[in-house]
Amino acid sequence: MRWKAGVPIATLAPSHPDSARGSTVDALDALIDRAIACGASDIHLEPQAEGGRIRFRIDGTLRPHLTLPSGLFGALCARVKLIGELDLGERRLPQDGRTAFLRGERTYETRIATLPGVLGEKLVVRLFDRDGGLRSLEELGMLPAQRARYEAILRAPHGLVLIAGPTGCGKTTTLYSSIELLDPQRRNVTTVEDPVERYIPEITQVQVHARAGMTFPVALRALLRQDPDVMIVGEIRDGESARLAVSAALTGHLVLATVHVNDAERAPARLFDLGVEAQALEAALRCVVAQRLVPCGGAGRTAQYELREYGAGPQC
């Protein structure tokens, strides 16, 4: 597996062969290969009283994969932190990192997060397939009548569209699948994401980098000077981003964004909690698409959608 971190992998290799290091490298490569083959979205490395366990999140559910002795588990965690360019000596504070790697002809990106616990550091590695094909909304589970109404909303020149749902329900997947309905050949479509999960040649995608000062608010303010038609916000996380998104929707732009809430009814309340004025949100909000994952015929899961329009007729 060829890694593409900020430091080339060749410079990380010791000057003399190290069988223990080689075993750890091979073990991590095999672990990630297995996670990809299983369709896992996340790898959880969790310390235990003795050793550690590894679980995969597949179709929204955490599933046990294997248990490792303390030595190998610790070495594996150290290797993950190394490729994510994290501080190996820091175990008291959370850290975030990222890297990318090639598997065959496909490029995958990982987002790595650490969390100090009583038994040691827990690591979560989120996997993104940059080269994966986009699925249509029908394939994701959106009903034809819902898609027709949703497409009509996306043809509007301005307004705010929220994609709502709990963590891991596929909101970003729905957001990407919506891009084909936005006529990117005729409209200036730009995203602000953390991270960019898939590269789409027809649009402009902006990567948030908090450590460098490129936050969601900074990116959104810059984007408003780029003559945008459609602004896609990977996630509304703070009050300033929420207010900028609403302001953009009120000044002639179509804005799509995700919010972490359990259903459509709570989506406007989430923006109120972040400091958006009720009158401004009422004028800007066009639609909330809420989703959750449900079992699909005993194998895998599919998304179930609720589409709630504001000031535009009945729900479906």
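Reader: What makes this an open sheet, and in which order do the strands run?

Author: This is a predicted model, where local features need pLDDT of at least 70, side-chain atom pairs count only at pLDDT 80 or more, and totals for chains, interfaces and linings use all residues. Residues are numbered from 1 along each chain as its sequence is written, and side-chain values use heavy atoms, with hydrogens and water left out. Seven strands line up as 10-9-11-12-8-13-14, with mixed pairing. Strand 10 (204-207) and strand 14 (301-309) are the edges, each pairing on one side only. From one strand to the next, the twist averages 20 degrees.

Reader: How do you know that strand 8 and strand 13 pair?

Author: Pairing takes at least two DSSP bridges between two strands. Strand 8 (residues 159-165) and strand 13 (residues 285-295) have five, in the parallel sense, so they pair. I163 sits opposite V289 of strand 13.

Reader: Why is the pair F101 and Y108 called stacked?

Author: Phe, Tyr and Trp rings (six-membered ring for Trp) pair if their centres lie within 6.5 Å; planes under 30 degrees apart count as stacked, over 60 as edge-to-face and the rest as tilted. Here the centres are 5.5 Å apart and the planes at 10 degrees, so F101 and Y108 are stacked. A search of the whole structure turns up one aromatic pair.

Reader: What makes F101 count as buried?

Author: Buried means under 20% relative accessible area, exposed over 50%, partly exposed in between (1.4 Å probe, protein chains only). F101 is at 0%, so it counts as buried. Y108, at 8%, counts as buried too.

Terms used. Helices (H or I, at least four residues) and strands (E, at least two) are DSSP runs, numbered from the N terminus. Axes are lines fitted to C-alpha atoms, for helices over the stretch in contact, and angles run from 0 to 180 degrees between N-to-C directions.
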